[in-house]
Amino acid sequence: MQHLCLMILSLLLSVAHSRRDDRATCKPVTASFCQDVGYTTTAHPSGAVGFNLQQIGQIVGTACSPHIATLMCRVAIPECGSEEDSRMKPCRSLCVKVKADCESALRAKRLSWPTRLRCEALPESNCVQDREDTPVAEVNTRSCEAITVPLCKNLPYNETVMPNMLRHQSQDDAGLELHQFYPLVKVGCSPHLKPLLCSVYTPKCVSGKPEPPCRTLCEKARSGCLALMNKFGFDWPESLNCAAFTTESCENDREDTPVAEVNTRSCEAITVPLCKNLPYNETVMPNMLRHQSQDDAGLELHQFYPLVKVGCSPHLKPFLCSVYTPKCVSGKPEPPCRTLCEKARSGCLALMNKFGFDWPESLNCSAFTTESCENIMNAEDVLALLNAGRYSVQGKSLSLRTTRLMLTLMDADNSGSLDAAEYLKLELYVTDIRREYVKSYESRSPPAVKQNQMKRAVAARDIPLDDDTFRVLWEEYHSQGGIDYDNYVSVLTKLQILKDRFQAHLLTLPCDCRVASFSLKQFMKSAII
């Protein structure tokens with residue numbers, strides 16, 4: 001037992017050490033006011049010790065000197081490696097000049113010079129005098145381009161410019177990284193999350209330059225989603241540090257007024273004939289389609305009457321009513337359930353297509369969330385949602401077998417189905433694996449994972465397998481060329497299930513017992529072989 005405790009302590013120390021190393025690595029400069037100053041990476045994206053990024057952003061925003069951004073950024077968000085190289089630090093003479101230029105402007109705006117910034121502490125030679133001219137010229141040559149990232153297509157603006165503040169050189173690169181947030185956007189933890197993410201990954205193009213993200217928008221998105229992210233072991237990304245943004249691009253916040261109006265609305269009895277026999281009997285207007293009265297909603301809803309009567313899907317009527325006459329909850333409309341939408345669409349689309357109709361854009365299932373869904377997501381439901389969320393690779397989606405394995409992994413209460421929170425966790429899980437697969441293996445022809453690569457992927461997840469066990473696993477899942485995307489997800493999920501069960505069994509053992517005769521590697525071998 002003593003050896004086991006020492007081993008665990010050693011593991012914890014190694015993890016802590018690796019985290020310290022991770023923090024020391026270079027990261028993208030995310031502060032909007034420090035773009036185009038001649039460098040793109042820093043070890044202090046949140047600001048060096050003693051510097052307040054809000055204050056620095058306000059000082060840079062005064063434009064009191066043509067060199068203000070160069071000086072402030074290089075001391076508050078120093079270029080990666082500048083600690084050991086004076087050539088990356090601003091010169092003393094530059095600091096003195098900027099301070100003299102800005103004294104009156106800062107006083108007028110009641111801003112103070114950073115106490116941590118002392119010009120006499122900066123080098124006199126072999127340093128940065130100013131490097132703004134070249135980057136500015138480069139920015140001016142950039143041109144606006146139409147937004148192609150699917151998540152950001154329906155925005156108040158339709159043109160962006162690359163590279164963005166995270167230094168993605170193309171929209172394809174930006175979209176690939178942005179996709180990791182897709183589950184959070186769809187679950188609807190904050191209505192501000194999507195516009196924030198798009199303002200970072202596909203920023204609005206203004207005269208060939210990217211409009212910086214709004215700090216207020218960032219704070220609202222973070223406030224709405226952080227608790228949910230923490231629940232599943234995630235933290236707010238350092239690349240989206242709200243303190244690095246300014247309020248210069250924030251528009252007037254007009255959201256408070258609509259909220260107040262919503263709070264004054266009252267529930268009313270359902271009068272639309274098609275929606276009278278429901279588990280709920282009160283609705284509230286306007287609905288999500290902006291019908292101001294039930295008469296208006298009922299008039300448009302009537303077009304679906306033939307589909308409801310023909311019975312193409314038992315889910316169609318409850319779904320339509322959840323859109324046109326939503327359930328009233330404390331004076332607010334309950335949002336439609338995305339799972340219900342997918343089921344209704346799946347059952348009726350073929351019949352609609354037969355008569356030349358398509359599923360209405362106003363009922364686009366991807367626009368809804370799972371937050372109002374009950375425990376109705378079985379494996380088939382989950383697969384339909386994943387397919388709708390574009391979790392395929394090169395047109396090949398995950399199989400029902402793999403989806404069932406993932407459901408087993410995420411089904412914390414062993415109910416055989418997933419609730420909204422469990423499904424969100426599943427989406428985050430698939431997002432990580434898909435991003436890993438696309439980044440490392442998709443470019444191969446055919447796209448597949450080779451044997452040594454599979455071994456490394458398994459080892460990276462701290463799952464020990466001996467050669468015999470891995471060989472059996474490989475023979476079961478590989479095909480010509482290696483392991484494809486579906487089987488890759490399936491293998492990793494199966495191994496994670498076994499690992500979790502082994503660890504859960506250890507937790508049930510008495511704390512003073514000796515666990516030395518049966519290791520995780522042996523458990524994996526007995527379970528697989």
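Colleague: How many residues of α3 are buried?

Modeller: Nine of its nine, so to speak a mostly covered helix, with buried meaning under 20% relative accessible area (1.4 Å probe, protein chains only). Among them are Arg-74, Met-72 and Cys-73. Keep in mind that this is a predicted model, where local features need pLDDT of at least 70, side-chain atom pairs count only at pLDDT 80 or more, and totals for chains, interfaces and linings use all residues. Numbering runs from 1 along each chain as its sequence is written, and side-chain values use heavy atoms, without hydrogens or water.

Colleague: What covers the buried residues of α3?

Modeller: The cover includes α2 (53-61) and α4. Helices here are DSSP runs (H or I, at least four residues), numbered from the N terminus.

Colleague: At what angle do α3 and α4 pack?

Modeller: About 120 degrees, with the axes 10 Å apart, for α3 at residues 68-76 and α4 at 92-108. That makes the pair oblique, the class left over once under 35 degrees (roughly parallel), over 145 (roughly antiparallel) and 65 to 115 (roughly perpendicular) are taken out.

Colleague: Which residues make the contact?

Modeller: Ile-68, Thr-70 and Leu-71 of α3 meet Leu-94, Cys-95, Val-98 and Cys-102 of α4, contact being heavy atoms within 4.5 Å.

Colleague: Switching topic, how much of the protein chain is buried?

Modeller: Buried residues are 46% of the 529. The chain has 21 helices and ten strands, a strand being an E run of at least two residues.

Conventions. Axes are lines fitted to C-alpha atoms, for helices over the stretch in contact, and angles run from 0 to 180 degrees between N-to-C directions. Buried means under 20% relative accessible area, exposed over 50%, partly exposed in between (1.4 Å probe, protein chains only).
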